[in-house]
Amino acid sequence: MTDRPIIDIRNAAKSYGSLEVLKDISLQVKRGQIVAIIGPSGSGKSTLLRAINDLDPLTSGEVWLEDTQVNKALPTRQYEAHINAVRQNIGMVFQHFNLFPHLNVRDNITLAPKMLKGISKTEADALAVEQLNKVGLLDRIDYYPSQLSGGQKQRVAIARALAMKPKVMLFDEATSALDPELVEEVNLVMKQLAEEHMTMIIVTHEMGFAQDVCDRVLFMDQGVVVEEGPPEVIFKNPANERTRNFLRKHLKGQN
Amino acid sequence: MGLDFSVVPPFAGALFTGALWTIAITVSAAILSFFGGIVFAVIALYAPRIIRLPFRLFAWLFMGTPLLLQLFLIYFGLIQIGIDLPAFVAGVIGLGLHYTVYNSDIIQSGILAVDKGQYEGARTLGLSRMQTLRKIIVPQAVRSVIPPIGNNMIALLKDSALVSVIGVAELTLSSQMAISRTFRPFEFYVAAAACYYVINLGLEAGLRRIERRIQLAR
Ligand SMILES: Nc1ncnc2c1ncn2[C@@H]1O[C@H](COP(=O)(O)OP(=O)(O)OP(=O)(O)O)[C@@H](O)[C@H]1O
Ligand SMILES: [Mg+2]
C-alpha cells in the first residue's frame, strides 16, 4: 500500500515540568507529501519536529517511521542501536546548519555514510559529488565551512542529510538564520527536492514559501494543532480566529 | 676570576647531546600528555562513577604533589615493587602523566564548549554517542584548546630539567657535568639557558604552525 504514512505521530504530548509544550498531537505524513508547520514562537513547532527523530523525546504518545516505532521503550543499550538505525532514515536540517567546522565539505557529507554504511572511499566521494551537484556546490567540495556563506552552508547541510538517502527530511527554520539575499538559493534547493517528491516536514516562518511548496499546512499554537489543511485554505480562507490573527501579522509586508 | 666563555666550546658536543635528550624527553612526554589528556578528559566527563573516581584520585595526586617527588617515586620507588624503569622512561612517564592531568583539565573545558548543535548534527545522521565523541566533539575540542595546551608544552620543556635528578643526561645534567670538570657554573648555566631558549623558539614555531594549519578548520 503506497499511501501508508511514512511518519505517523500518535497522541504526542510533551511537558517540561508543568509546562505543556505539546498537547495530544497526531499527524500522519504520507510518502511524497510536503507538510509545513507554522505558528507563533514557542508554540511547539521545533519540539514536535525534534520528537520525530527522538532528539526531544515525547512525554507520551508514539512516533512511527513506516512500521518501526521510533520512540520505542528499550533498555539503554538496545535503544541506542535502535535509534541510530532509525535516524539514518530521517534527514534533519537545522536553523544554524550544524556543519562540522573541522571537516571540509566532502568529509562533512561522507563521514556518516562511510561510518554507518561501510561504503568505500571511492563510493563516498562519488556520493559527495552527486549530492553537491544537486545543491549546486560541486566547486566547493574542498572548502571548509568557515569559507562558505550562510546559504552555501545550509545547502551543504542539506546535501549531507541527503547523502544518507533518508526517507523523510525535516527542516527546522532552515532559512531563518540567513541574510535575506541568501534565502532564495536554499528555497530553490528545497523546491527541487519537492519536485523529486521527497517527503518533507518543514517548520517555517516564510508563509510565501509554505504556500508555494507544501501540500498541507499545520498551524500550531500553544502546543496544539489549531488548524490544518491545504495551503489555499489555510492562507486564503482560514477557519480559526487564531490562525487569522497569526497570518495577519505574518503576511504583512509579504506578497 | 672573570668570565671566560671560551671554556664552553670544548663541551659543545656534550651539551648538544644533552639538548637532544631534552628534546627527546619533551617530545615524548608531550605526546603522552596530549593523548593521555584526551583519554582522561573523556573519562572524567563520560565514564561511569566507578571508573571516574580512581581517575579523579590519580589526577588529584598528580596535581597536588611536586613533580620532583613524582619522578623519585616512579624511578626509585617502583623498584621496590619490582618495576625497574630506565631513567629516560621513568622521566617520560613522570612528566607525561603530570601534564596529562593538566591537559585533561583544558581538554575537558574544550569539550564542554563545543556547540550542542554539533552533537545533534552528528546524532541525527545516525552516529552513536561514541562515534560522535570521537569524530566530532573531541577533534573540535582539541583544536579549540591548542593555544593553552601549547603553553603547557612550553612549561613541560622547562620542567624536563627536573629529570636530571634521576640521572637522565639531558641539558641541565650535561651542563652540571661540565661544571664539575671546569668549575665554571656561570658560563655553563648561561650556555644551557641559551640552548633552552633556542629549543623553546623551535617549540613555539612548531605550535604556531599547527595553529595556522587548523585555522580554517574551526
Ligand atoms: N529544554 C527546554 N526546557 C524547558 N522548556 C523548553 C525547552 N525547550 C523548549 N521549551 C519550551 O517549549 C515551548 C516550545 O518550544 P519550541 O522550541 O518547540 O517552539 P517553536 O514553536 O519552535 O518556537 P520558535 O518559532 O521560536 O522556534 C517554548 O515555550 C519553550 O520555551
Ligand atoms: Mg523552533
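Which helix of chain B is the place of Ile31(B)? I looked, and Ile31(B) sits in helix H1 (residues 12-46) of chain B.

**Ground rules.** I am working with a predicted model, where local features need pLDDT of at least 70, side-chain atom pairs count only at pLDDT 80 or more, and totals for chains, interfaces and linings use all residues. Residues are numbered from 1 along each chain as its sequence is written, chains are lettered from A and ligands numbered from 1 in the order in which they are written, and side-chain values use heavy atoms, with hydrogens and water left out.

**Chain B, overview.** I found nine helices and zero strands in chain B; helices (H or I, at least four residues) and strands (E, at least two) are DSSP runs, numbered from the N terminus. The C-alpha trace of chain B spans about 75 × 45 × 25 Å along its principal axes. Of its 218 residues, 47% count as buried, where buried means under 20% relative accessible area, exposed over 50%, and partly exposed in between (1.4 Å probe, protein chains only). I also looked up contacts (heavy atoms within 4.5 Å): among those in chain B with a separation of 6 or more, 78% join residues 24 or more positions apart.

**Surface of chain B.** The accessible surface comes to about 11300 Å², and 69% of that belongs to carbon and sulfur atoms. Such areas come from the Shrake-Rupley method with a 1.4 Å probe; for residues, only the protein chains shown count as cover.

Back to Ile31(B): at 48% relative accessibility, this residue counts as partly exposed. I see Ile31(B) in a nonpolar surface patch of about 580 Å², together with Phe16(B), Leu20(B), Ile23(B), Val27(B) and Phe35(B). Patches are made of residues with over 30% relative accessible area and no salt bridge; like charges are joined within 9 Å, nonpolar side chains (Val, Leu, Ile, Met, Phe, Trp, Tyr) within 5 Å. A salt bridge is a side-chain nitrogen of Lys or Arg within 4 Å of a carboxyl oxygen of Asp or Glu. A handy reminder for reading helices: an α-helix has 3.6 residues a turn, so residues three or four places apart point the same way.

Chain B has 17 positive and 10 negative side chains, and the centres of the two sets lie 12 Å apart. Lys and Arg count as positive and Asp and Glu as negative, without His and the chain ends; each charge is placed at NZ of Lys, CZ of Arg, CG of Asp or CD of Glu. A positive surface patch gathers Arg208(B), Arg209(B), Arg212(B) and Arg213(B). Arg212(B) is in helix H9 (residues 185-213) and is exposed, with a relative accessible area of 55%.

**Helix H5 of chain B.** Why is H5 (residues 116-125) largely enclosed by the rest of the structure? Eight of its ten residues are buried, so the helix is largely enclosed. Among the buried ones I note Gly117(B), Glu120(B) and Arg123(B). Their cover includes helix H3 (105-117) of chain A and helix H6 (129-144) of chain B. Just after H5(B), Gly126(B) takes a positive phi of about 110°.

**Two phi angles in chain A.** Most residues other than glycine have a negative phi. Asn98(A), not a glycine, has a positive phi of about 55°; this residue lies in the loop between S6 and H3 and is buried at 7% relative accessibility. Gln222(A), also not a glycine, has a positive phi of about 50°. I place Gln222(A) in the loop between strand S9 (216-221) and strand S10 (224-229), exposed at 53%.
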